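Hi,

Here is the structure for you to look over. My notes follow below it.

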Amino acid sequence: MKLITVKRETKVEKRFTPKMGELLTRVTYIKKQFLSIPVKTVHKYRETYYGKIKDCEACELAR
């Protein structure tokens, strides 16, 4: 049995960008877990409307 695992989870979230305004996007979270308890989010990224992958630092949560 592994003590530390890495899980990937995708959610649909509302995001806000200055150029496009509010948009719905799929955000993928990569989390480190210890005994099936989430400990730390290692990375999160989103897929754009055109299929490109971007980091979530460029946009903020919708207001």
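Met 1 is exposed, at 91% relative accessible area. Keep in mind that this is a predicted model. Met 1 sits in the segment before β1 (4-17). It also belongs to a nonpolar surface patch with Leu 3, Ile 4, Phe 34, Leu 35 and Val 39. Together these residues have about 680 Å² of accessible area.

Next, the loop between β2 (21-34) and β3 (37-47). Leu 35 lies there and is partly exposed, at 40% relative accessible area. Ser 36 is found in that loop too. Ser 36 counts as exposed, at 63% relative accessibility. Please look at the backbone here. Most residues other than glycine have a negative phi. Leu 35 has a positive phi, near 55°. Ser 36 has a positive phi of about 65°.

Now the charged pairs. The structure holds three salt bridges.

- Glu 13 pairs with Arg 15, with the closest N and O atoms 2.9 Å apart. Glu 13 is buried at 14% relative accessibility, and Arg 15 is buried at 3%.
- Lys 14 meets Glu 22 at 3.7 Å, N to O. Lys 14 is partly exposed, with a relative accessible area of 49%. Glu 22 is partly exposed, also with 49%.
- Glu 47 meets Arg 26 at 3.5 Å, N to O. Glu 47 is in strand β3 and Arg 26 in strand β2, so this pair ties together parts that are 21 residues apart in sequence. Glu 47 counts as partly exposed at 31% relative accessibility, and Arg 26 counts as partly exposed at 48%.

Best wishes

Methods
Residues are numbered from 1 along each chain as its sequence is written. This is a predicted model: local features need pLDDT of at least 70, side-chain atom pairs count only at pLDDT 80 or more; totals for chains, interfaces and linings use all residues. Side-chain values use heavy atoms; hydrogens and water are left out. Patches are made of residues with over 30% relative accessible area and no salt bridge: like charges are joined within 9 Å, nonpolar side chains (Val, Leu, Ile, Met, Phe, Trp, Tyr) within 5 Å. Accessible areas come from the Shrake-Rupley method with a 1.4 Å probe; for residues, only the protein chains shown count as cover. A salt bridge is a side-chain nitrogen of Lys or Arg within 4 Å of a carboxyl oxygen of Asp or Glu. Helices (H or I, at least four residues) and strands (E, at least two) are DSSP runs, numbered from the N terminus. Buried means under 20% relative accessible area, exposed over 50%, partly exposed in between (1.4 Å probe, protein chains only).
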